[in-house]
Amino acid sequence: MASALADKLTRLVKELRGQARITESNVQDMLREVRMALLEADVALPVVRDFIARVKDKALGQEVLGSLKPGQTLVGIVNRELAATMGQGVADINLAAQPPAVILMAGLQGAGKTTTTAKLAKYLIEKRKKKVLTVSGDVYRPAAIEQLQTVTRQAGGAFFPSLPEQKPLDIALAALDHARKHYFDVLLVDTAGRLAIDQAMMEEIKALHAALNPVETLFVVDAMQGQDAINTARAFREALPLTGIVLTKLDGDSRGGAALSVRQITGVPIKFAGVSEKLDGLDVFDAERHAGRILGMGDIVALVEQVTAGVDIEAAQKLAAKVKSGNGFDLNDFLSQIRQMKQMGGLSSLLDKLPAQLMAKAGALDMDRADKDLRHKEGIIQSMTPLERRKPELIKATRKRRIAHGAGVHVQEVNRLLKEFEQMQGMVKKMKGGGLMKMMKTMGG
Ligand code: GDP
């Protein structure tokens, strides 16, 4: 692994290296970085403060697990705490009501309510096999009613018409009656939004809520709203017993910090994420993936943990013990290292975990070739006899040709592998549990 990606990883791991436990002094610097990342991701300041305090509490004095270094442990805590704050598992839509299950959509104008209503209709029709009716209470904007009609049709749902001169409450009750009589499973109620929080609008949606008794009251919020999301969320939470959040426009370039703020303020789960203008652009919200996005590291955290910890610490220690005990590191051990790399899903799969901006840089790397290289190495060692694997020094010209032939590669590749093996053997001798990253780097080719 050469170039930008490798540099970045190496630097990250170096930064993460520290002393044996998390202390007040080493935690400060690391938390400052986390705080910056959260603020850059537009998480509201009071939420950041609260979050940092919680992480610090959890982290301080914590023994650093096994061979993990404090930096890694802290990043792990941050990531888990972020994911936990934004919700765990999948919070699916609740339809447990006497049909029709009413879903009330709340949020500011432009947040994506109408689009999301149609997306949900499509989701419920196609994935949950429900019979869905939509209705618009936005009598202030006739265009909004038309818009809902159009997108509902595209979603394959039924639309209950309304007129600008009607009262929202009358419209909603008529729609509910229609849904009952025609055996609809779900009634989606789109509501009027204003550009900003407005008392009359809040009263209106409160009255709608009281009359409809919805099983879900979803707060639709634009992820690009950043710091402002917190005030909007607070106002809606005070007015309505929200049951879930839909975070829209996550396909934009915001880092999505609003998720953390809004979740913290409302205390209700984020159920869906809007990821495009199209009607299939609705994802079930994944808190862990989103935690990575907020930290701006993609799954780099998981990647580093994976590369330096879980997969290998134990094996590396065994190897070190082996070397110490006088049983040298042989090609069987080398093979098991290669298999571990493959077990992690190969290099291209590790690469998939990187955030987009790093991906772009890494694009120059030919990961498929690197994966192929791993497979070749495995094939070469498999073409050796058990004796050759234990005593690689026996492998001279004739054996090399035979092995190359067996693995279907050129003799040069066998030479290269043996040279790498020698280098690694040297490294293993120096290794006492550390130096693993270097070893993995060498293996990447
Ligand atoms: P409403 O006023 O809350 O009903 O908002 P609309 O549903 O009319 O959406 C406002 C604008 O945001 C429209 O141009 C939508 O196409 C767009 N929009 C809604 N959700 C998403 C999303 O998840 N991603 C993107 N890129 N655009 C969205």
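Which hand does the crossing of α7 and α8 have, and which residues make the contact?

**Solution 1.** Keep in mind as you go that you're looking at a predicted model.
- Step 1: Look at how the two helices cross. The crossing of α7 and α8 is right-handed.
- Step 2: Get the geometry. α7 covers residues 168-181 and α8 covers residues 199-212; they pack at an angle of about 25 degrees, and their axes are 10 Å apart.
- Step 3: Angles under 35 degrees count as roughly parallel, so α7 and α8 are roughly parallel to each other.
- Step 4: Find the residues that touch. From α7 come Pro168, Leu169, Ala172, Leu173 and Leu176, and they meet Glu204, Ala207, Leu208, Ala211 and Leu212 of α8.
- Step 5: Sort them by class. This contact of α7 with α8 has 9 nonpolar residues, no polar ones and 1 charged residue.

**Exercise 1.** Work out which residues are closest to the ligand, and which helix gives the largest share of the shell around it.

**Solution 2.** 
- Step 1: Start with the count. The ligand is surrounded by 17 residues.
- Step 2: Pick out the closest ones. These are Gly112, Lys113, Thr114, Thr115 and Gly274.
- Step 3: Helix α5 (residues 113-126) supplies the largest share of the shell, with 3 residues.
- Step 4: Sort the shell by class. You get 2 nonpolar, 11 polar and 4 charged residues.

**Exercise 2.** Describe how α5 packs with α6, then sort their contact residues by class.

**Solution 3.** 
- Step 1: Recall what you need. Two packed helices are described by the angle between their axes and the distance between those axes.
- Step 2: The axes of α5 and helix α6 (residues 142-155) come within 9 Å and cross at roughly 25 degrees.
- Step 3: α5 passes α6 in a right-handed crossing.
- Step 4: List the partners. In α5 you'll find Thr114, Thr115, Thr117, Ala118, Ala121, Lys122 and Ile125; they meet Ala144, Gln147, Leu148, Val151, Thr152, Gln154 and Ala155 in α6.
- Step 5: Do the sorting. The contact of α5 with α6 divides into 7 nonpolar, 6 polar and 1 charged residues.

**Exercise 3.** Is the peptide bond from Pro99 to Pro100 cis or trans, and is the phi of Tyr183 positive or negative?

**Solution 4.** 
- Step 1: Go to the loop between α4 (70-85) and β1 (101-106), where Pro100 lies. The Pro99 to Pro100 bond is cis, with omega near 0 degrees.
- Step 2: Tyr183 isn't a glycine, yet its phi is positive, about 55 degrees.

Terms used:
Residues are numbered from 1 along each chain as its sequence is written. This is a predicted model: local features need pLDDT of at least 70, side-chain atom pairs count only at pLDDT 80 or more; totals for chains, interfaces and linings use all residues. Axes are lines fitted to C-alpha atoms, for helices over the stretch in contact, and angles run from 0 to 180 degrees between N-to-C directions. Helices (H or I, at least four residues) and strands (E, at least two) are DSSP runs, numbered from the N terminus. Angles under 35 degrees count as roughly parallel, over 145 as roughly antiparallel, 65 to 115 as roughly perpendicular and the rest as oblique. A crossing is left-handed if the near helix is turned anticlockwise from the far one by less than a right angle, and right-handed if clockwise. Two residues are in contact if their C-beta atoms, placed from the backbone, lie within 7 Å. Ala, Val, Leu, Ile, Met, Phe, Trp, Tyr, Cys and Pro count as nonpolar, Asp, Glu, Lys and Arg as charged, and the others, Gly among them, as polar. A residue is near a molecule or strand if its C-beta atom, placed from the backbone, lies within 6 Å of it.
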